[in-house]
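Here is a short briefing to read with the model open beside you.

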Amino acid sequence: YAFHMAQGLGVRAISCSSTVTFAKRVAPFAEKYKTIWSGHGHADIFDPEQFAKPETFEMLIGMNKYMGINLDIGHFWAAGYDPVVFIEKHHDKITNLHIKDRTKPDKCMVSQNLPFGQGDTPIKEVLLLMKKNKYKFPANIEFEYQTPEGSDAVAEVGKCLQFCKG
């Protein structure tokens, strides 16, 4: 049904969080409707069902020409991988990015989502790479960090945008 709706709306791609098993079920529909379906990555490198490792994303895009990548650079960084290197290699299969700031955990410990500029995700490097190479896919701010009680989410997203513009 989602592909039928996407076709009716004239969209180029659909993306969602999912699993490898689900992607295998979706692949024939992406091909039937000639609409790209992109898997969203997470940081759990120990679950073979998650899109967390470069190899898992490469398996995804190898299913057929309508399978793509929704790369969350914060999760990818927290999983221990460099999004700049990955984007350079697979830019033609990326439909969109999720931008968030995290730290690269030490010894596979879980890292938190942080206000932009407080983590070490290479946000600046990713955005400059996109600008330099004129990549056409969007980079979406994904606001997921915890804010102090009473803080304004709209204002926080504005801070994220200003960080990206800087």
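Lys 100 counts as buried, with a relative accessibility of 2% (buried is under 20% relative accessible area, exposed over 50% and partly exposed in between, using a 1.4 Å probe and protein chains only). Please keep in mind that this is a predicted model, in which local features need pLDDT of at least 70, side-chain atom pairs count only at pLDDT 80 or more, and totals for chains, interfaces and linings use all residues. Residues are numbered from 1 along each chain as its sequence is written, and side-chain values use heavy atoms, with hydrogens and water left out.

- Glu 142 is buried, as is Lys 100.
- The two form a salt bridge in which the closest N and O atoms of Lys 100 and Glu 142 are 2.7 Å apart (a salt bridge is a side-chain nitrogen of Lys or Arg within 4 Å of a carboxyl oxygen of Asp or Glu).
- Lys 100 sits in the loop between β4 (94-99) and α6 (123-133), and Glu 142 in the loop between β5 (139-141) and α7 (153-165), so this pair ties together parts that are 42 residues apart in sequence. Helices (H or I, at least four residues) and strands (E, at least two) are DSSP runs, numbered from the N terminus.
- Lys 100 also forms a salt bridge with Glu 144, where the closest N and O atoms are 3.1 Å apart.
- Because Glu 144 lies in the loop between β5 and α7 and Lys 100 in the loop between β4 and α6, that pair ties together parts 44 residues apart in sequence.
- Glu 144 is partly exposed, at 35% relative accessible area.
- A network of salt bridges links Asp 72, Lys 100, Glu 142 and Glu 144.

- The structure holds five salt bridges, and one of them joins Lys 89 to Glu 58, with the closest N and O atoms 3.3 Å apart.
- This pair links distant parts of the chain, 31 residues apart: Lys 89 is in helix α5 and Glu 58 in helix α3.
- Lys 89 counts as exposed at 57% relative accessibility, while Glu 58 is partly exposed at 30% relative accessible area.

- Which residues of helix α3 (residues 54-61) are buried? They are Pro 54, Thr 56, Phe 57, Leu 60 and Ile 61.
- Seen down the axis of α3, these buried residues fall within an arc of 160°, so they line one face of the helix (the arc is that of the directions from the helix axis to the C-beta atoms).
- They pack against α2 (20-33), β2 (36-40), β3 (67-72), α4 (73-78) and α5 (83-90), where contact means heavy atoms within 4.5 Å.
- The largest nonpolar core has 35 residues, and those with the most contacts inside it are Trp 37, Phe 57, Leu 71, Ile 73, Ile 87 and Leu 97. Such a core is a set of buried Ala, Val, Leu, Ile, Met, Phe, Trp, Tyr and Cys residues joined through side-chain atoms within 4.5 Å.
- The largest share of this core comes from α2, with five residues.

**His 4**

- His 4 lies in helix α1 (residues 2-9) and is partly exposed, with a relative accessible area of 49%.
- His 4 and Ser 38 are 34 residues apart in sequence and 16 Å apart in space, C-alpha to C-alpha.
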